[in-house]
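Hello,

Here is the structure you will be working with. Please open it, then read the notes below.

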Amino acid sequence: MTGTNPLDPETAFPFPHRDGLGPLPEFAALRRELPCARIRLPSGDLAWLVTRYADVRTVLADPRFSRERATRGKGSPRIARVTTLPDSILAADPPTHTRLRRLVAPAFTVRRAEALRQDVARLVEGLLDGLAAAERPADLVPRFTRPLPLAVICDLLGTPRDHGDQLETWCDALRSLTAVPDAAVSEAVEEMTDYLAGLIAAKRRHPGDDVLSVLIAARDDTDRLSHDELISFSLVLLAGGYGTTADRLAGMLHLLLDEPVRYQRLRDAPDTIPRSVEELLRYAQTNVQANLRVVTEDLELAGVTLRAGEAVMAVNSSANHDETVFDAADQLLLDRAHNPHLAFGHGVHHCVGAQLARVQLQEALAGLCRRFPALRAAAPPVWKSGLKTRAPRTLPVTW
């Protein structure tokens, strides 16, 4: 297979949209037959799609696969026609990435996340009070799965909580492949940039005990952050800390309520929630694509010769269903013991907010199971489509 194109270069990726979060059969076929396959992206550019666990880990950890070259290199391949956040930590390689991550990492340590657990639990209880008083059926997305991570990340950053609908629109635009026109993506980036610039100006006048004030001080006191870095850093934290966690929580609840015995298991054995969260993170096929990287020198991967300058996409969600790593990989087993999933990534770009996300997901499920033991789906969810991720847009429930 070395030196060949194992797929027709016109093969479109991502694969056609499907509702739900179950494993995609296309990924399973590629893992078996074409673990490094040629695809055509929505931008029209070509890339190599990597789907097996070991190969995905290699791409995520090996410095010869550059994020910076994929976002800032002139003429580099693109996923979509509009490039977003080219100055962000997500788009950087060491040593720039190392410098940026060092600034924010202290706010997202395991110890800091655990210290916030009681605050998260109180937010959960408040939202569940509102849900209990709501007319049935109720939609969990606007009443619970969206406002919880919004409140957590806004409090952490020191930004207002009352812009949830606007943030939802912006976050979906940033993750759009075909959901909105290119002009709408550019407009969302511009609007979010202006919004954050206003918040930063206000924080500069009146700093607080929050991450945004710390990042501003890092720029103003030692000039370690450029203005563009400060804006894009704030945007990534807000969009990632809010949008990604909100979608994951909604997806988890769909999986639990879609098979009621799963929800009943957590309700009856709440001590199993942490392990169950890890399995739900592994199983949920939330990411239908991943960030591009560009190969910096010729190398071999999965029997294919990759040339310098070619784009590579390593899909964590596919790796999480690799049959050679996970027993019964296509099954959701809430008591799974061996679970080295890659839901939060791997290598230098491993999600800095992973532990804070875990705390929110654990407390959200614990609170719901305790307060609403008879919670059940009231209607099928409506699904987001045309995005880089799959998630419910609505989640109607009753009790």
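Is Glu-191 buried, partly exposed or exposed? Glu-191 is partly exposed, because its relative accessible area is 32%. (Buried means under 20% relative accessible area, exposed over 50%, partly exposed in between, with a 1.4 Å probe and protein chains only.)

Before going on, note that this is a predicted model: local features need pLDDT of at least 70, side-chain atom pairs count only at pLDDT 80 or more, and totals for chains, interfaces and linings use all residues. Residues are numbered from 1 along each chain as its sequence is written, and side-chain values use heavy atoms, without hydrogens and water.

Now the aromatic rings. The structure has six aromatic pairs. (Rings of Phe, Tyr and Trp, the last by its six-membered ring, pair if their centres lie within 6.5 Å; planes under 30 degrees apart are stacked, over 60 edge-to-face, the rest tilted.)

One of them is Phe-15 with Phe-27, edge-to-face, at 5.5 Å centre to centre and 70 degrees between the planes. Phe-15 sits in the segment before α1 (25-33) and Phe-27 in helix α1, so the pair ties together parts twelve residues apart in sequence. (Helices are DSSP runs of H or I, at least four residues, numbered from the N terminus.) Phe-15 is buried at 18% relative accessibility. Phe-27 is buried too, at 0%.

Tyr-53 and Phe-326 are another pair: the centres are 5.9 Å apart and the planes at 80 degrees, so this one is edge-to-face. Tyr-53 is in helix α2 (residues 53-61), and Phe-326 is in the loop between α15 (316-319) and α16 (354-371), 273 residues apart. Phe-326 is buried, at 1%.

Best wishes

Methods. Helix = DSSP H or I, 4+ residues; strand = E, 2+ residues; numbered from the N terminus.
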